Amino acid sequence: MRYHKYKEWCHMDSLMLYNLIKIIKRDSKAEFLKELLKHSFTDLYKCHYNYGMWIRNNYLYNNYKVYNFFNNIGITDMDEISMLLIQLLYIDLKYHDKTD
């Protein structure tokens, strides 16, 4: 019984994260996304100051549901959260979009 609840919780969290990446991608300016794809994964930190700030301002500072999602899994620093979201978005753009 416990495992089932944990599995359901993980599925809900991964679904929320997947939907968040879709929303960020939808709301992002095309030039942000193009700029992101010009970088390698290890160079994504270069996008952190402009694109990361946009993510923090639009999705973290005023959206406690998103911040609490990360806080509950132990990631409390908004800079770290926005960098993680940039990395996940990059992976989605680079690899997932090619298979759709």
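**Entry 1: Ile23 and helix α1**

I started with Ile23, which lies in helix α1. I looked up its cover: Ile23 counts as partly exposed because its relative accessibility is 33%. I then checked a pair distance in this predicted model. Ile23 and Tyr59 stand 36 residues apart in sequence, and their C-alpha atoms are 9.8 Å apart in space.

**Entry 2: confidence**

Before going on I looked at the pLDDT. The protein chain has an average of 83, and 84% of the residues reach at least 70. Which element has the lowest mean pLDDT, and which the highest? Helix α1 (residues 2-27) has the lowest, at 71, while α2 has the highest, at 92. In residues 1-9 the pLDDT is below 50, and this stretch makes 1 contact in the model beyond near neighbours in sequence.

**Entry 3: the chain as a whole**

I counted elements next. The protein chain holds 5 helices and 0 strands, and the pattern along the sequence reads α-α-α-α-α. The chain has 100 residues, and 34% of them count as buried. I also looked at contacts between residues at least 6 apart in sequence: 69% of these join residues at least 24 apart.

**Entry 4: Leu93**

I moved to helix α5, where Leu93 lies. Is Leu93 buried or exposed? Leu93 is buried, because its relative accessible area is 9%, and the cut-off for buried is under 20%. I listed its contacts, leaving aside neighbours within four places in sequence: Lys25, Leu33, Leu36 and Leu37. I also took the C-alpha distance from Leu93 to Ile21, which is 9.9 Å for two residues 72 apart in sequence.

**Entry 5: salt bridges**

How many salt bridges does a search of the whole structure find? The search finds 4.

Lys25, already noted as a contact of Leu93, meets Asp92 in a salt bridge of 2.6 Å, N to O. Lys25 is in helix α1 and Asp92 in helix α5, so this pair ties together parts that are 67 residues apart in sequence. Asp92 counts as buried, because its relative accessibility is 11%.

Asp27 and Arg26 form another salt bridge, with the closest N and O atoms 2.9 Å apart. Asp27 is partly exposed at 34% relative accessibility, whereas Arg26 is exposed with a relative accessible area of 60%.

Lys38 and Glu35 also form a salt bridge, and here the closest N and O atoms are 3.8 Å apart. I found Lys38 exposed at 66% relative accessibility and Glu35 partly exposed at 34%.

**Entry 6: Ser82**

I went back to helix α5 (residues 78-99), which also holds Ser82. Ser82 counts as buried because its relative accessibility is 0%. What does Ser82 touch, not counting residues up to four places away in sequence? I found His48, Gly52, Ile55, Arg56 and Leu60.

In helix α4 (residues 64-72) I looked up which residues are buried, and found Val66, Tyr67, Phe69 and Phe70. These four lie on the same side of α4, because they cover an arc of only 150° around the axis. The spacing rule I had in mind is that an α-helix has 3.6 residues a turn, so residues three or four places apart point the same way. On the other side of α4 I found Tyr64, Lys65 and Asn72 exposed. Just after α4, Gly74 has a positive phi of about 95°.

**Entry 7: a nonpolar patch**

Which residues make a nonpolar surface patch of about 310 Å²? Phe41, Ile91 and Tyr95 make it. I followed up Phe41, which lies in the loop between α2 (30-37) and α3 (51-60).

Methods. Residues are numbered from 1 along each chain as its sequence is written. This is a predicted model: local features need pLDDT of at least 70, side-chain atom pairs count only at pLDDT 80 or more; totals for chains, interfaces and linings use all residues. Side-chain values use heavy atoms; hydrogens and water are left out. Patches are made of residues with over 30% relative accessible area and no salt bridge: like charges are joined within 9 Å, nonpolar side chains (Val, Leu, Ile, Met, Phe, Trp, Tyr) within 5 Å. Accessible areas come from the Shrake-Rupley method with a 1.4 Å probe; for residues, only the protein chains shown count as cover. A salt bridge is a side-chain nitrogen of Lys or Arg within 4 Å of a carboxyl oxygen of Asp or Glu. Helices (H or I, at least four residues) and strands (E, at least two) are DSSP runs, numbered from the N terminus. Buried means under 20% relative accessible area, exposed over 50%, partly exposed in between (1.4 Å probe, protein chains only). The arc is that of the directions from the helix axis to the C-beta atoms. Contact means heavy atoms within 4.5 Å. pLDDT is the predictor's confidence in each residue, from 0 to 100.
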